[in-house]
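Thanks for coming, everyone. Please take a moment with the sequence and the structure before I start.

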Amino acid sequence: MAIYCCVCGFLKFRTSRFRFRSSDLSQLLLMRLPVRCLNCDERTFTSVSQFLRLRRMRKARHREHQQRSTTS
Ligand SMILES: [Zn+2]
């Protein structure tokens, strides 16, 4: 299930920091967490599974970058 930006329609997101304010907490009750559009920086909410998938992808990219810099 893909998510897309409600502003620009872009499909790529990164995880956003959770903030303890009412708008974020009400989303958390719906099992949704904040993400940010990589194109226009719009902040939106997505399912926990989608959020974790984005976080895993970011970690994998980071690891790949570290390996490349140590071997060269
Ligand atoms: Zn966007």
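I will go from the whole chain to the sheet, then to the core and a few single residues.

First, the ground rules. This is a predicted model: local features need pLDDT of at least 70, side-chain atom pairs count only at pLDDT 80 or more, and totals for chains, interfaces and linings use all residues. Residues are numbered from 1 along each chain as its sequence is written.

Now the overall layout. The protein chain has two helices and three strands. Both kinds of element are DSSP runs, numbered from the N terminus: helices are H or I with at least four residues, strands are E with at least two. Starting at the N terminus, the order is β-α-β-β-α.

What about overall dimensions? The C-alpha trace spans about 45 × 25 × 20 Å along its principal axes. The radius of gyration of the protein chain is 14 Å, while a compact globule of 72 residues would have one near 11 Å. That radius is taken over C-alpha atoms, and the globule rule is 2.2 Å times the number of residues to the power 0.38.

How many of the 72 residues count as buried? The share is 10%. Here is the scale: a residue is buried if 20 or more other C-beta atoms lie within 10 Å of its own, exposed if 12 or fewer, and partly exposed in between, with C-beta atoms placed from the backbone.

Next, contacts. Two residues are in contact if their C-beta atoms, placed from the backbone, lie within 7 Å. Take the contacts in the protein chain with a separation of 6 or more: 48% of them are between residues 24 or more positions apart.

On to the sheet. In what order do the strands sit? The open sheet has three strands, ordered β1-β2-β3, with antiparallel pairing. Two strands pair if DSSP finds at least two bridges between them. The edge strands, each pairing on one side only, are β1 (13-15) and β3 (43-47). From one strand to the next, the twist averages 50°. For such angles, axes are lines fitted to C-alpha atoms, for helices over the stretch in contact, and the angles run from 0 to 180 degrees between N-to-C directions.

As background, strands of a sheet pair through backbone hydrogen bonds, either parallel or antiparallel. Here, three bridges join β1 to β2. In that pairing, F13 stands opposite C37 in β2. Five bridges join β2, residues 32-37, to β3. Across that pairing, L33 stands opposite T46, and V35 stands opposite T44.

Which face of β2 is covered? The covered face holds L33, V35 and C37, and the uncovered one holds R32, P34 and R36. In a regular strand the side chains alternate between the two faces of the sheet.

Now the core. Which residues make up the largest nonpolar core? There are six: F13, L33, V35, C37, F51 and L54. The term means a set of buried Ala, Val, Leu, Ile, Met, Phe, Trp, Tyr and Cys residues joined through C-beta atoms within 7 Å. β2 and α2 (48-71) each supply at least two residues of this core. The largest share is three residues, from β2.

Setting aside residues up to four places away in sequence, L33 touches F18, F45, T46, V48 and F51. L54 is in helix α2. It counts as buried because it has 20 C-beta neighbours inside 10 Å. L54 and R14 are 40 residues apart in sequence, yet 6.3 Å apart in space, C-alpha to C-alpha.

Compare L52, also in helix α2. Buried or exposed? L52 counts as exposed, because it has 12 C-beta neighbours inside 10 Å. Its C-alpha atom is 8.5 Å from that of T15, 37 residues apart along the chain.

Last, two loop residues. β2 and β3 form a hairpin with five residues between them. D41 is in that loop. D41 has a positive phi of about 70°, although it is not a glycine. D41 is exposed, with 12 other C-beta atoms within 10 Å.

M31 lies in the loop between α1 (22-29) and β2. M31 is not a glycine either, and has a positive phi of about 65°. With 11 C-beta neighbours inside 10 Å, M31 counts as exposed.

That's the tour; over to you for discussion.
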